[in-house]
Amino acid sequence: MADTFEILAKFLEKFDEDVEGREMQEPTEEAKGKLQRLARGNLSDSEQSAVFSELNRNPQWIAWLAQEVKALRNA
Amino acid sequence: MCSQTSHATDEGLRKCREGDPEALAELRTRYHGPLLNILSSRGATATEVEDLLADLWADCVAGDTERPSLLEKFSGKCTLQGWLATVATNRWIDLKRKQVRRGETTKTALANKDHDPFENLPASSTPLREDTLVNLLRDSLQAAFARCSPQAMVLLRLVYMHNLSQREIVRMLGWHESKVSRFLAKAMEEIESHTLAELKKRDPWLELSWQDFVDLCETHQVGFL
């Protein structure tokens, strides 16, 4: 399943005509604050829902969130 | 599915590209049966398969400088069989869509006998396009992704693209680990069913299994040409 989703997502990244330049965009300062709280498990259900919608509209921010979560591994 | 081609295959390909009749015959002997099975399983009729493969093998033979061997386009980044199957499937989808368009034109003509049906056809025949299959796969997959919840899409990306563990998702969301696992599995099942439904909606005669779909995406993703 892991491979499958990766194959599909990479296929779309390669052939989606609307993705150019996305990887260069960082989250806004306000969004960073929310993502840091999400990474630490400090968002309520309704706040999570809003953040997921925002992440889905800005998929390039997901990498930033992943880095935040990984940074907590050695904390 | 994909891997680097072996040295023996590279040598055989080089000979095929140079027009060596023995190498071309060996290529045909090795791949004709598997390609026949693949195209049949995808919904092509016996006649369509024979015609497609006859054209495919003919195009593997280099003509003059204006018409090099089709094999010149093979990048070697995926298996030769996977690549040939993708080329043949692409051509078959083009063919079927043209047939459907012709059928619709004929129906219009029967409904309006004074009208010349050929006036509805393009001025010149459209050349075979390599991107027909890519567009079909992409549009079906985009539609399926769009039907997934934002939460599902983000969690799938975090786990399978950015390698977060399910335990880390548990900590983020406050869920039980089994709920995370079930949620991800269900999201993938929905992507599969929605993608295949989108394919059927676009080209009802096409019979692609989920594994077929994923294999075709992989063939294109690693470098089709």
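1. A salt bridge across the chains. The model is predicted, and the side chains of B:Glu168 and A:Arg73 meet in it as a salt bridge, with 2.6 Å from N to O. The count of salt bridges between chain B and chain A is one. Side chains of opposite charge can pair when their charged atoms come close. Polar contacts are also found across this interface, in six residue pairs with both members at pLDDT 80 or more.

2. Elements on the chain B side. Five helices of chain B each give two or more residues to the side that touches chain A: H5 (132–147), H6 (150–160), H7 (166–173), H8 (177–202) and H9 (210–221). Of these, H6(B) gives the most, with nine residues. Sorted by class, this side of chain B has 24 nonpolar, eight polar and five charged residues.

3. Extent of the chain interface. The contact joins 37 residues of chain B to 33 residues of chain A. The size of an interface is often given as the accessible area lost when the parts come together. For chain B and chain A, the area buried between them is about 3,400 Å², and 74% of it lies on carbon and sulfur atoms. Three residues, B:Tyr160, B:Met172 and B:Gln221, supply 19% of the area that chain B buries against chain A, more than any other three residues.

4. Two domains in chain B. The domain assignment divides chain B into domain 1 (2–97) and domain 2 (129–219). Taken over C-alpha atoms, the centres of these two domains of chain B are separated by 30 Å. Their contact takes 16 residues from domain 1 of chain B and 15 residues from domain 2 of chain B.

5. Area between the domains. Domain 1 and domain 2 of chain B bury about 1,400 Å² between them, with 56% of that area on carbon and sulfur atoms. Within domain 1 of chain B, the residues that lose the most area to domain 2 are B:Arg42, B:Asn90 and B:Arg97, which together account for 38% of what that side buries.

6. How many salt bridges does the rule find across the interface of domain 1 and domain 2 of chain B? There are two salt bridges across this interface. B:Arg42 also forms a salt bridge with B:Asp212, in which the closest N and O atoms are 3.1 Å apart. On the side of domain 1 of chain B that touches domain 2, helix H4 (residues 80–111) of chain B gives the most, with ten residues. That side divides into five nonpolar, six polar and five charged residues.

7. Confidence. The scores of the model are ipTM 0.92 and pTM 0.80. Chain B has an average pLDDT of 86, and 83% of its residues score at least 70. Among the elements of chain B, H6(B) has the highest mean pLDDT (97), whereas helix H1 (residues 7–17) of chain B has the lowest (81). Residues 120–128 of chain B call for caution in reading: their pLDDT is below 50, and beyond near neighbours in sequence this stretch has eight contacts in the model.

8. Salt bridges in the whole structure. Over all chains, the search finds 21 salt bridges. One pair in chain A is A:Glu47 with A:Arg37, whose closest N and O atoms are 3.3 Å apart. A:Glu47 lies in helix H3 (residues 45–57) of chain A and A:Arg37 in helix H2 (residues 29–39) of chain A, and the two are ten residues apart.

Definitions and conventions:
Residues are numbered from 1 along each chain as its sequence is written. Chains are lettered from A and ligands numbered from 1 in the order in which they are written. Side-chain values use heavy atoms; hydrogens and water are left out. Contact means heavy atoms within 4.5 Å. Buried area is the accessible area (1.4 Å probe) that two parts lose on being put together, summed over both. A salt bridge is a side-chain nitrogen of Lys or Arg within 4 Å of a carboxyl oxygen of Asp or Glu. A polar contact is a pair of N or O atoms within 3.5 Å; within protein, one must be able to donate a hydrogen and the other to accept it, and residues adjacent in sequence count only if both atoms are side-chain atoms. Helices (H or I, at least four residues) and strands (E, at least two) are DSSP runs, numbered from the N terminus. Ala, Val, Leu, Ile, Met, Phe, Trp, Tyr, Cys and Pro count as nonpolar, Asp, Glu, Lys and Arg as charged, and the others, Gly among them, as polar. Domain bounds come from an automatic or database domain assignment. pLDDT is the predictor's confidence in each residue, from 0 to 100.
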